[in-house]
Amino acid sequence: FKTLSEAGDFGNTRVEFTSLRLSNNASDHQMHRAIAVGFNKRIAQLMSESGFNAAKAVKDTLAQEGAKEFISDVAIGREKNAADQSDFLVSVQKDLVHREGGRDILYALCVVLYDDDVLEESGFDAWWANSKSTETEELVEVRGKAQEFMNWLKETSEEEDSSEEESEEESDEDSD
């Protein structure tokens, strides 16, 4: 994934991926997997060569101009379909089973991809419920730390639901 390691142009990479996809008749899953492996490889490289912790390596990788848009548009699709988000996250997870610090990388990726609106809550929920994410002990192990993120996401969602209900009740009372 030359674009990541050389801080290259994601516009060109987008064209290359589209061309490769069409010429090889690649499935969405194959695209998710290739992109997940490329990003994970760069993050792991930054951790080993620069001594970055997972959070710093993830932030630096995704801060590269065009990186988040590339994931959003090419890996996930502009529709942000929950099934595509889930498959992308499972692809990330499966690759991280074989990488040093995989648990920490997955957690950091979840946080940044959510905070920067690359992936949506529905995508994370679909991933967490996806049986492919727990097929092996290694997959369960690598997603272990992400439980903290999923708990936080659930709490945040419940708080939002609660405050929306309160707002609706207040507006109903005001209209009486």
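Predicted model: local features only at pLDDT ≥ 70, side-chain atom pairs only at ≥ 80, totals over all residues.
Residues are numbered from 1 along each chain as its sequence is written, and side-chain values rest on heavy atoms, with hydrogens and water left out.

**Nonpolar core**

The largest nonpolar core holds 43 residues, among which Ile 71, Phe 88, Leu 113, Phe 124 and Trp 127 touch the most other members. Such a core is a set of buried Ala, Val, Leu, Ile, Met, Phe, Trp, Tyr and Cys residues joined through side-chain atoms within 4.5 Å, where buried means under 20% relative accessible area, exposed over 50% and partly exposed in between (1.4 Å probe, protein chains only). At least two residues of this core come from each of H2 (10-24), H3 (28-50), H4 (54-63), H5 (67-76), H6 (82-96), H7 (102-115), H8 (121-129) and H10 (146-175), and H7 supplies the largest share, eight residues. Helices here are DSSP runs (H or I, at least four residues), numbered from the N terminus. Apart from its neighbours within four places in sequence, Phe 88 is in contact with His 32, Ile 35, Ala 36, Ile 71, Ala 75, Ile 76 and Leu 113, contact meaning heavy atoms within 4.5 Å.

**Cavity**

The structure holds one cavity of 30 Å³ or more, and the largest cavity contains about 50 Å³ of space. A cavity is a set of points, on a 1 Å grid over the protein atoms alone, where a 1.4 Å probe fits but cannot get out, and its lining residues have an atom within 4 Å of a point; the volume is the space filled by probe spheres set on the points, which are joined across faces, edges and corners. Its lining consists of Ala 36, Phe 39, Asn 40, Leu 62, Ile 71, Phe 88, Val 92, Leu 109 and Leu 113. H3, H6 and H7 are the elements that give two or more residues to this lining, with H3 giving the most, three residues.

**Aromatic pairs**

Eight aromatic pairs are found in the whole structure. Rings of Phe, Tyr and Trp (its six-membered ring) pair if their centres lie within 6.5 Å, and planes under 30 degrees apart count as stacked, over 60 as edge-to-face and the rest as tilted. Two of the pairs are set out below.

| Pair | Centre to centre | Angle between planes | Arrangement |
|---|---|---|---|
| Tyr 114 and Trp 152 | 5.7 Å | 80 degrees | edge-to-face |
| Phe 149 and Trp 152 | 6.0 Å | 35 degrees | tilted |

Because Tyr 114 lies in helix H7 and Trp 152 in helix H10, their pair ties together parts that are 38 residues apart in sequence. Phe 149 and Trp 152, by contrast, are three residues apart in helix H10 and so are separated by about one helical turn. Tyr 114 counts as buried at 18% relative accessibility, and Phe 149 is buried at 3%, whereas Trp 152 is partly exposed at 40%. Ring pairs link Tyr 114, Phe 124, Trp 127, Trp 128, Phe 149 and Trp 152 into a cluster.

**Positive phi angles**

Most residues other than glycine have a negative phi. Lys 80, however, has a positive phi of about 55 degrees; Lys 80 is placed in the loop between H5 and H6 and counts as buried at 17% relative accessibility. Asp 117 has a positive phi near 60 degrees and is placed in the loop between H7 and H8, where Asp 117 counts as exposed at 57% relative accessibility.

Conventions: 1 Å grid on protein atoms, 1.4 Å probe; cavity = no way out; pocket = protein on both sides within 12 Å on 5 of 7 lines; lining within 4 Å.
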